[in-house]
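The stops below go from the whole chain to single residues.

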Amino acid sequence: MTISVVPWINQEEFDTVYNWIFADRKQHLDLIQRGLDRIQAWCNRGIAPYSVEITAILIEAILRDERFGHTMSHRELRLLYTMAIIRFVNGLVDQRQTGKYALSVLTIAKKIGLPSWFVDLRHEGTHERLPHLIVLRSAATQAVAWLHDHYWIHNLKKPEEEKKDHDIKMKLNMYKERRKAYIKGIKAGEAKLDPAIYVDCISALIEVIDEDIIREEIIPLLLGIGGLVPTAKKKRASLENMKISNDLIELWTPLLKGLDVGYPEFALDLVSSIVQKLVSSDEYVLNEQAVNPYAMFSQQQQQESEDPTKSKSYMLTLACWLKYFALEMQNPIDERTLGKLDVDDLLEECLRNPNYYTRYVLQALCQVDPDLAETIKPFMRYMDQLLIKLTLKQKETPSLESVDATILEQDLTTLERQIAEIKKTQHRQRPIKRQRIESKSWKLHDRWQTCPLGMLPNGKVPCLDMREWLKK
């Protein structure tokens, strides 16, 4: 599989921009402009495919003609369209000039299925007279259509892929519901319960996925609201109960174990994704118990973020999942939820992303392995200093809203008094400074007498002849 770097976040963003820029120009001009702005943002990152960039250039030329063409001269419009067509042809051809010897533009155009009249139009606009405006308008429209059929359509999410994603989500939800029913039946004392009702869901899910789907589909679904983090906040970890519930563990353990057994990289990918989620931009107020994670969580601002995946309860629950995986390290491998998760991997992820939540996980690792606790003690101390400096830096620069008006007036009065004293001091020092400067100035010598230019003070003309030995 070929891996390429693209500027869009995911396939859904690409599909959305496609729907925007190819919307009806008469009814949804705002959507087209939004799509062009998004493509410009992609181009600013420097990694947008050329077909995407030239599509935006052509559409912008067409929109400018339709909206402001009456204010532009005939020559301006011809130059506008001609430059867009030239860049359209040159950009597509230059990408295929990979051989030792350069091929002609027409030869490459035939290979990629580009009509030859585009090449002729490009040659005419470059070396001869500008083509007629009617021809250029038709060419720009057909160029956009060619890019639509040869690039955009082939890179959209295919219906079978959408159906596959839907099947994955449906199978995951089916496992969740059947596992819940099984646990409920066990607690109710039902004797005839077959685990196959949810085991079959795990098997069916594993059959239709691979490592890429796990990384791009399964893990995001597990980390979404309703996955490893329950929808109901009362079922999540809290400050009073810093651990995940047994019901939550029983619900997801079979699936996590199955994915861990079937895919060696699942455990590391899951942990890495959880650590990346544990990012907080909130401002913290520290006191003498700042290095205590319990104190830290209680001091955070209680206002919940609009994004549910940025809320304190969400991130705290994920941190408790990591703590749970860390504490399981003291059990035999076959009894762990993620048997293929190595201590070093979890340790490295936490050390590379220092924050209050990962520090909390590191404390759990220290409980499991006392020798490890001694080894990472300097790192823990460094992390504490880093977090304290960050918080104290915010504490040293309070906002104006938090400062009393009386204090500001007192500070202003003090500054005015200091400025007045400085001015008085400078005024008293000025005569002394002038006197000192006058004492060091040039003065006329008492015995100085005027004399004609070129003569000595005694009235004699000096001898300026060179000595004989110097002439030799």
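**Whole chain**

Helices (H or I, at least four residues) and strands (E, at least two) are DSSP runs, numbered from the N terminus. This is a predicted model, in which local features need pLDDT of at least 70 and side-chain atom pairs count only at pLDDT 80 or more, while totals for chains, interfaces and linings use all residues. Residues are numbered from 1 along each chain as its sequence is written, and side-chain values use heavy atoms, with hydrogens and water left out.

Now show the surface. The accessible surface of the protein chain is about 30500 Å², and 54% of that belongs to carbon and sulfur atoms; the areas come from the Shrake-Rupley method with a 1.4 Å probe, and for residues only the protein chains shown count as cover. Of the 472 residues in the chain, 36% are buried (under 20% relative accessible area; exposed is over 50%, partly exposed in between; 1.4 Å probe, protein chains only). Among contacts (heavy atoms within 4.5 Å) between residues at least 6 apart in sequence, 71% join residues at least 24 apart.

**The cores**

Next, select Trp252, Leu256, Phe266 and Leu270. Of the 64 residues in the largest nonpolar core, these four touch the most other members. A nonpolar core is a set of buried Ala, Val, Leu, Ile, Met, Phe, Trp, Tyr and Cys residues joined through side-chain atoms within 4.5 Å. The core lies between domain 2 (159-208) and domain 3 (214-289 + 309-395), because both give residues to it; the domain bounds come from an automatic or database domain assignment.

Zoom in on Leu256. Leaving out residues up to four places away in sequence, Leu256 touches partners including Leu222, Phe266, Trp321 and Leu338. Then select Phe14, Trp42, Leu92 and Val144, which are among the members of a second, separate core of 48 residues.

**Two single residues**

Go to helix H7 (residues 133-155) and pick His148. Is His148 buried or exposed? His148 is buried, at a relative accessible area of 17%. Its side chain makes a polar contact with the side chain of Asp149 (3.0 Å). A polar contact is a pair of N or O atoms within 3.5 Å; within protein, one must be able to donate a hydrogen and the other to accept it, and residues adjacent in sequence count only if both atoms are side-chain atoms. Beyond its neighbours within four places in sequence, His148 contacts Tyr18, Phe22 and Ile153.

Finish at Met72, in the loop between helix H3 (50-68) and helix H4 (74-94). Met72 counts as buried, with 17% relative accessibility. Not counting residues up to four places away in sequence, Met72 touches Arg64, Leu77 and Leu80.
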